[in-house]
Amino acid sequence: MRLAFLLLLATSAAEHYRRASALFDQQKFDESNQALDAALAVDPGYVPALTLKGRLAMAFNRFDVARLAFERASRLAPDSAYAQFMLGFFYYVDNDFMKALAPLDRARKLDPPDSRSALYLAMSYEGLAQPDKAIGLYEQTIEIETQRGKPSPETHTAYGRLLFTLGRQDEAVSQFARVVELDPNSRDGHYELGRIEFERGDYAEAVVLGAKALTAKGLGTTDRQIHFLLSRAYSKLGKKDQAAAHLKKFQSSPATLRR
Amino acid sequence: MKTVPALLILTVAVALFAHSFIFDPLLSSRTGIDFVHDNALSARRYLPESMGPGVAILDFDNDGHMDLYFTNSGPSDFFKPLRPLRNALYRNNGNGTFTDVTLKAGVIGRDFGIGVSTCDYNRDGWTDLFVTNYGVNVLYRNNRDGTFTDVTKQAGLDAPGLHTVAIWFDYDRNGTDDVFVGHFVKYNKSLERGCQYNGIPHYCYPLSYDPWPSRLYRNNGDGTFTDVSEQSGIGRHMGKVFGAVATDINGDDRLDLFVANDSVPNFLFLNQGRTFTEIGFDAGVAYSADGAARSGMGVDAADYDGDGREDLFVANFNRERFSIYRNRGDLTFSDEAGPTGIGTATQMYSGWGAKFFDFDHDSDLDLIVANGHPDDRIEEISSTLKHREPVLLFENTGGRFVTREVVAKDYPARGLAVGDLDNDGLPDIVIANNGESPVVLRNRGAANYWMGLDLKGPATGARITWSARRNRRSRLKTSGGSYLSAHDPRELIGLGKASKLDWLEVRWPAPLSRTDRFENVAAGRYYSFRPGGKLE
């Protein structure tokens with residue numbers, strides 16, 4: 001035991017961390033966690049290890065562990081944009097939007113070209129029912145991404161969804177059209193455009209777009225959501241058999257968490 | 001130099017004073033309403049603790065002044081009160097004060113009190129009380145002498161359960177009010193899930209519990225009721241009912257039933273005469289636009305956009321946004337939460353009691369919602385959410401609702417009832433708070449004309465139509481709505497700048513199906529009348 005402990009100390013925290021990071025990338029999470037613990041045993045204030053520890057804990061739904069790791073990392077490295085971003089991101093995922101604002105804003109100021117901070121800040125303001133601030137930040141995010149030549153369908157999807165919930169359908173359509181332009185096989189894009197066509201009463205087009213969404217790949221929109229859209233659209237078109245088939249699939253799918 | 005601070009103070013003072021709220025909270029020392037709800041708070045956090053209480057505004061002694069009734073917790077399989085608990089009936093003394101007459105009236109309740117509704121199930125012209133419980137509900141028959149008799153068992157309404165709302169309406173149009181009794185989840189102490197966060201008990205999200213059917217009882221007209229849940233179709237649907245409202249969504253003069261469920265789809269029961277067809281999915285009111293069942297709690301129905309069709313409202317859980325469903329006229333609805341501004345304004349809140357009403361008598365219908373997060377420990381795990389939440393008043397500005405400040409304080413609100421407690425023609429608000437005293441909010445006034453209508457007789461389902469300055473408007477007398485609560489049965493009609501009605505019509509529901517019409521009706525007072533009678 002004593003020898004193992006001395007060996008552990010003989011390796012630097014950075015080395016343990018590098019090993020943990022590699023194991024994390026290989027999805028060897030238990031081993032990665034052990035390496036992180038080793039890194040933190042050598043240097044409890046080693047920020048990269050703390051942030052990775054937080055990410056790992058989030059992946060395993062241990063938000064209590066993640067919170068401690070991110071908060072500590074943020075305190076130890078107030079000038080690290082990444083540490084600030086991860087803390088804000090954690091609060092956002094934990095639905096604590098109020099707490100997410102400060103670290104995300106710090107991260108944005110520390111690293112302006114990184115669009116992620118602006119994006120999550122936008123979504124946090126959206127979660128706090130402050131759409132005007134959210135819209136400004138979505139616009140900023142899109143501007144940064146455009147300047148960097150890396151436009152993101154996900155950003156346009158999130159922005160379009162906000163506009164849709166505000167009843168600003170035409171602006172939402174522009175965003176979703178951009179999503180499909182960037183990724184012609186976007187499940188989110190086709191689904192959201194289908195939803196809007198349904199609301200506008202063009203049920204045939206809603207069916208076309210819903211069917212495209214169903215065959216497209218993507219993690220954001222679930223099959224259940226698409227079956228819900230298709231069932232209602234077919235029902236409006238008087239196609240009872242198709243409507244019933246999609247209703248059955250909708251009802252047998254796991255409930256969506258999106259509300 | 002001395003004048004500068006003085007001016008500054010004066011400016012600040014004027015600014016503070018100028019920040020006026022629409023309602024004044026009345027202190028219990030002034031009203032005499034000393035009721036405090038005991039929510040039976042336990043270390044384990046049993047679900048029913050978070051549900052109540054309800055409040056009713058009623059005139060139990062027919063003296064023309066609105067009285068108040070509050071429900072309270074009581075003995076159950078998970079709660080043994082250390083001191084006797086009881087519901088409370090307060091008689092309105094007509095001078096701004098109330099007297100507790102619960103014991104004399106004999107309406108202390110039994111079991112674990114949740115909600116309350118009012119009715120006149122025996123059509124004798126005196127208001128009866130129905131208390132929903134975790135346990136066996138109570139039907140109190142009004143003895144017409146200031147007392148009540150518990151007639152639950154002989155009426156056949158003594159089925160046990162975890163009940164929430166009771167909606168009295170004449171679904172079969174035979175002239176007597178039947179009753180829908182909403183049931184929440186399948187529940188007893190052994191079924192409590194015992195949810196924890198970081199090892200600390202919190203109330204479980206209702207998704208954790210199994211749904212259960214509600215009941216419909218037909219009024220036999222002889223003081224008894226027959227359970228028609230199965231034959232009517234109502235009992236075939238498993239729900240988790242919090243709120244319900246009887247309204248007519250398709251203008252066929254039959255009262256339909258809209259039911260808000262928590263964590264399972266809402267129901268819209270279309271009245272087919274003697275049976276109901278559940279059309280919530282096709283109507284677009286069962287799920288969110290993404291196909292998610294939300295946490296429907298408080299509800300209401302009214303024609304908020306003046307197109308002659310009954311629209312629907314549902315108060316949901318925080319992050320879900322509340323729903324305001326515009327009736328498209330083809331048995332479908334569109335959720336207008338986005339365009340109306342209701343969605344963004346309600347995103348942070350969990351809504352319960354709710355009511356469309358015209359708070360300023362400008363002749364369109366505004367909306368009030370009482371809110372409160374059900375988890376009393378929410379602030380331990382979130383800096384974004386609060387246990388106490390504001391009362392939201394949405395002023396109808398023609399297509400959009402603008403949030404107005406009701407009162408400075410936030411509350412852990414549940415039940416909400418609207419009524420004119422001082423007969424000044426202005427609707428006041430009573431909010432029943434979970435684990436606290438209720439709050440009475442007195443309307444500070446409006447510079448518009450009004451008229452009050454007290455329909456004597458089978459009023460639910462009546463259609464009131466009027467013209468003022470040649471503007472024709474209409475209102476359906478619905479039943480239920482809000483959450484666990486009952487409103488003032490009188491209808492207050494805002495007239496804007498019109499000092500009189502050109503004409504007033506009331507079309508009584510079947511089996512009467514008659515219309516009474518009156519010309520040149522003066523504003524500024526209450527009228528009552530019976531079918532075929534005169535305005536008095």
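Predicted model: local features only at pLDDT ≥ 70, side-chain atom pairs only at ≥ 80, totals over all residues.
Which hand does the crossing of α13(A) and α14(A) have, left or right? Keep that in mind for a minute, and I'll get to it once we've walked through chain A.

Okay, chain A. It has 15 helices and zero strands. Taken along the principal axes, its C-alpha atoms fill a box of roughly 75 × 40 × 30 Å. Of the 259 residues in the chain, 49% are buried. And if you take the contacts with a separation of 6 or more, 45% of them link residues 24 or more positions apart.

Let's pick out one helix, α10 of chain A, residues 153–165. Those 13 residues span 18 Å from the first C-alpha to the last, close to the 18 Å you'd expect at 1.5 Å a residue. How many of its residues are buried? The count is 11 of the 13, so α10(A) is largely enclosed by the rest of the structure. If you want to click on some of them, the buried ones include A:Pro153, A:His156, A:Tyr159, A:Arg161 and A:Phe164. What covers them? Among the elements that cover the buried residues of α10(A) are α8 (115–127), α9 (131–147), α11 (169–182) and α12 of chain A. Following α10(A) you come to A:Gly167, with a positive phi near 80°.

Now back to the opening question. Helix α13, residues 203–215 of chain A, packs against α14(A) at an angle of about 155°, and the axes are 9 Å apart. Anything over 145 degrees counts as roughly antiparallel, and therefore that is what we call α13(A) and α14(A). As for the hand, the crossing is left-handed. On the α13(A) side, the contact is made by A:Tyr203, A:Ala206, A:Val207, A:Gly210, A:Ala213 and A:Leu214. From α14(A) come A:Asp223, A:Ile226, A:Leu229, A:Leu230, A:Ala233, A:Tyr234 and A:Lys236. By type, that contact holds 10 nonpolar residues, one polar and two charged.

Where do the two chains meet? In the interface, 23 residues of chain A are in contact with 22 residues of chain B. Three helices of chain A, namely α7 (97–110), α12 (187–200) and α14 (223–236), each supply at least two residues to the side that touches chain B. Our friend α14(A) gives the most, with four residues. By type, the chain A side that touches chain B has nine nonpolar, six polar and eight charged residues.

One joins B:Gly52 and B:Pro53, with omega about 5°. B:Pro53 is in the loop between α2 (28–31) and β2 (55–58) of chain B. Another runs from B:Ala510 to B:Pro511, with omega near 10°, and B:Pro511 is in the loop between β38 (500–507) and β39 (515–522).

B:Ala40 has phi near 65°, and its place is in the loop between α2 and β2 of chain B. Is B:Ala40 buried or exposed? It has 23 other C-beta atoms within 10 Å, and 20 or more is what makes a residue buried, so B:Ala40 is buried. B:Arg123 has phi of about 55° and is found in the loop between β6 (112–119) and β7 (128–136). With 14 C-beta neighbours inside 10 Å, B:Arg123 counts as partly exposed.

B:Arg377 is in the loop between β27 (366–371) and α9 (378–381), and is partly exposed, with 15 other C-beta atoms within 10 Å. B:Arg377 and B:Tyr203 are 174 residues apart in sequence, yet their C-alpha atoms are 8.8 Å apart in space. Leaving aside neighbours within four places in sequence, B:Arg377 is in contact with B:Ile200 and B:His202.

B:Asp150 lies in strand β9, residues 148–150 of chain B. It counts as partly exposed, with 18 C-beta neighbours inside 10 Å. Again leaving aside neighbours within four places in sequence, B:Asp150 is in contact with B:Val138 and B:Tyr140. That's my tour, thanks.

Key: Residues numbered from 1 in each chain as written. Chains lettered and ligands numbered in written order. Contact = placed C-beta atoms within 7 Å. Nonpolar A, V, L, I, M, F, W, Y, C, P; charged D, E, K, R; others polar. Expected span 1.5 Å × (residues − 1). Buried ≥ 20, exposed ≤ 12 C-beta atoms within 10 Å, placed from the backbone. Axes fitted to C-alpha atoms, helices over the stretch in contact; angles between N-to-C directions. Parallel < 35°, antiparallel > 145°, perpendicular 65-115°, else oblique. Left-handed = near helix turned anticlockwise from the far one by under 90°.
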